[in-house]
Amino acid sequence: SGMKERTERLRVAESYKLPTLVRRVDAAIGGGCGLQELWAVMAASSIGKSHWLDHVGSVAVVLGVPTLHASWEMSADEIGERYDALFTDIKAGLRLQKSDEIEEALERYHKQLGDNLHIAHFSSDTDTVESLRNYTENLRYQDDFKPRLVIADYGDIIAPSRYFKDKRFELSQIFKELKTFA
């Protein structure tokens, strides 16, 4: 392809970047997370992977990126409470004492940002990447919600579409399916 096509491809690729708003992370990954790409967050237990995904999701919503946050670990209510805390700057532990403030702040956000966030819980016993694909398609057709960012929290507990003798092959299959979905 010619120089003009390559330049256009670079310009379009930049428009598909979602900054994390953490300067050192964005610098390390070329300006942000690529939309329509698979990004896997891996670390030891209780390090904050899910909190990081909540952060990235909240940045996306604020920037107007329609976001589906799918979790195989936590309930939709638990994830929603985390987003509420991020959007209102009121800690989740204070939600009962400050419910009026939270409601007012969320109403303001909704007026400004619309419905850019959808949260769903999936069962780690039965729901596969295909379940996520079907759910996303239903959102598109029934609710006219077309996510540009899909967060799949806890990829290693998604039910495999195919069982293998070794768990590592199941995980490999799950992440290949997630990559295809992206």
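Author: Start with a term: buried means under 20% relative accessible area, exposed over 50%, partly exposed in between (1.4 Å probe, protein chains only). The model is predicted, so local features need pLDDT of at least 70, side-chain atom pairs count only at pLDDT 80 or more, and totals for chains, interfaces and linings use all residues. Residues are numbered from 1 along each chain as its sequence is written, and side-chain values use heavy atoms, with hydrogens and water left out.

Reader: Which residues of H7 are buried, and which exposed residues lie on the face turned away?

Author: An α-helix has 3.6 residues a turn, so residues three or four places apart point the same way. In H7, Glu170, Ile174, Glu177, Leu178 and Phe181 are buried. They fall within an arc of 100° seen down the axis of H7, so they line one face (the arc is that of the directions from the helix axis to the C-beta atoms). The face turned away carries exposed Arg168, Lys176, Lys179 and Thr180. Lysine 176 has a relative accessible area of 53%.

Reader: What do the buried residues of H7 pack against?

Author: Helix H6 (129-142) and strand S5 (149-153). Helices (H or I, at least four residues) and strands (E, at least two) are DSSP runs, numbered from the N terminus.

Reader: At what angle do H4 and H5 pack?

Author: Two packed helices are described by the angle between their axes and the distance between the axes. Here H4 (residues 76-88) and H5 (residues 99-113) pack at about 80°, with axes 10 Å apart. That makes H4 roughly perpendicular to H5 (65 to 115 degrees).

Note on methods. Contact means heavy atoms within 4.5 Å. Axes are lines fitted to C-alpha atoms, for helices over the stretch in contact, and angles run from 0 to 180 degrees between N-to-C directions. Angles under 35 degrees count as roughly parallel, over 145 as roughly antiparallel, 65 to 115 as roughly perpendicular and the rest as oblique.
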